Amino acid sequence: MKIEELAPQCVWKNFYELTKVPRPSGHLEKIQQFLLDYGKSIGVDTWKDNAGNIIMRKPATPGLEERKGLVLQAHMDMVPQKTADSPHNFLTDPIPAYIDGDWVKTHGTTLGSDDGMGVAAIMAIMADNKLQHGPLEALITADEETGMYGAFGLEAGTLQGKVLLNLDSETEGELYIGCAGGIDVTATMQYMEIEPEEGSKAFRVSLKGLRGGHSGLEISEGRANANKLMGRFLREAVLQFGVGLCQWNGGNMRNAIPRDASVVITIDESEETELKALANKCQATFASEYATIESGISLIVEECDVPEGETPEEIRDNLIDAILACQNGVMRYIPTIPDTVETSSNLSIVTINEGKAEFNLLVRSSCESMKMLQAVSLESCFTMAGMKVQFSGAYSGWQPNVNSHVLAEMRNAYKKLFGKEPEVKVVHAGLECGIIGAVNEGMDMISFGPTLMSPHSPDERVYIPSVQKFYDLIYHVVEEGVK
Ligand SMILES: [Zn+2]
């Protein structure tokens, strides 16, 4: 069996064509041209906007003009990841997709089913002249994977439709009705270093072996934050031995839970043994607190060269206080949807060195006002410690509406077609819906997709039977329309 012969053929043949069009994020000329040519070939009005998005518009079937306009949305770019031994060139080569049992996979590259399946389904719907539908549009966005640039560049008024189906989710049977927005919080402080005390020894204390993870998707799992644990160790070390703080390096990505942190501290040489005992004690405490969550926490003390400077005592205490006091982890769950995170914060990166301290945090929330409350609460905390606070990189979330018409319609359609209830979820990470919804006020949105495994990796694969269900659901909703 060939990929283009799988069911539904109208989708798989498009998907197969897409595997032949190179489209890594940042290099979209070929896929844009392909989609423009495709629109022309099926006689649908198709154009490229200023942000590089491809838009298609198909008038309603006669008699159905009064229906609410429907927008089908997917992204055209794919993540170019390959195995170390793959000779694949993402700029020129077709993706080597093949069928293995119930799965479509590739040899050593990402497959581009994220979001090629969404694009393929849109192409099939747009080309179907038997389907009865209201006003229909397609929005195929540019460069979603590297920063949602196409969605950010979408101008108000480009779309006429009032209902949007985002086809970029990864588990068949799940309907997404909300996502988190985000804002970066950066706290800084400059200070004059002082000289370490005469006769001090310096030690590097390294905390390692934490699981880390995605600061949105995995924030509710209660994993340890390396900067927070290091703050606790340091507080004890200051109380017991008055250690000097010279350097701190914890975490390296704003959207990741920090897995490690190291500090350089000074201490009177007579207290070396007790310092090591304290580290052992803290390691044991942390291991026991996180027994079922973390398994490899280690706190290692090694002697190092004495640095030229360290923070003055008052600054040291303020910085440690701020790290202990700042909110980290889940702040609130969504009142209308059980067990679903609404607002969180992650103390991602801490750097203290040579007269400068900087803390980077990422706040996420599906509720705009809670997002800002969380951001200003952190600002209050860091301002009390004498730090300067800046907000940047803010983007909108998508606040779930449990009374949405498209949700009701999709739920009914799912039950009718497959005889069971779909799961309704909110994702605690950014989706294009948040950005698109911010420029198209009142847009009724939902996100779903076929089942993909390991997207963004060379293990990416699509579960073949889920594609028929995915397409049946789109087809049904387009045919029935949404109130
Ligand atoms: Zn995607």
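How many Å separate the centres of domain 1 and domain 2, taken over C-alpha atoms? The answer is 40 Å, and the views below start from there. Keep in mind that this is a predicted model.

**View 1. Domain 1 meets domain 2.** According to the domain assignment, domain 1 is built from two stretches, 3-180 and 398-480, while domain 2 covers 182-394. Zoom in on where they touch: eleven residues of domain 1 are in contact with 15 residues of domain 2. On the domain 1 side, that comes to seven nonpolar and four polar residues, with no charged ones.

**View 2. Helix α1 packs with helix α3.** Here α1 (residues 9-19) and α3 (residues 113-127) have their axes 8 Å apart, at an angle of about 125°. Angles of 65 to 115 degrees count as roughly perpendicular and those over 145 as roughly antiparallel, so α1 ends up oblique to α3. As for handedness, the crossing of α1 and α3 is right-handed.

**View 3. Side by side, the residues of the α1 and α3 contact.** From α1 come C10, V11, N14, F15 and L18. Helix α3 answers with G116, M117, V119, A120, A121, M123 and A124. Sort the contact of α1 with α3 by class and you get ten nonpolar and two polar residues, and no charged ones.

**View 4. Helix α10, mostly covered.** This helix runs over residues 432-439, and six of its eight residues are buried. If you'd like to pick them out, the buried residues of α10 are E432, C433, G434, I435, I436 and G437.

Note on methods. Residues are numbered from 1 along each chain as its sequence is written. This is a predicted model: local features need pLDDT of at least 70, side-chain atom pairs count only at pLDDT 80 or more; totals for chains, interfaces and linings use all residues. Domain bounds come from an automatic or database domain assignment. Two residues are in contact if their C-beta atoms, placed from the backbone, lie within 7 Å. Ala, Val, Leu, Ile, Met, Phe, Trp, Tyr, Cys and Pro count as nonpolar, Asp, Glu, Lys and Arg as charged, and the others, Gly among them, as polar. Axes are lines fitted to C-alpha atoms, for helices over the stretch in contact, and angles run from 0 to 180 degrees between N-to-C directions. Helices (H or I, at least four residues) and strands (E, at least two) are DSSP runs, numbered from the N terminus. Angles under 35 degrees count as roughly parallel, over 145 as roughly antiparallel, 65 to 115 as roughly perpendicular and the rest as oblique. A crossing is left-handed if the near helix is turned anticlockwise from the far one by less than a right angle, and right-handed if clockwise. A residue is buried if 20 or more other C-beta atoms lie within 10 Å of its own, exposed if 12 or fewer, and partly exposed in between; C-beta atoms are placed from the backbone.
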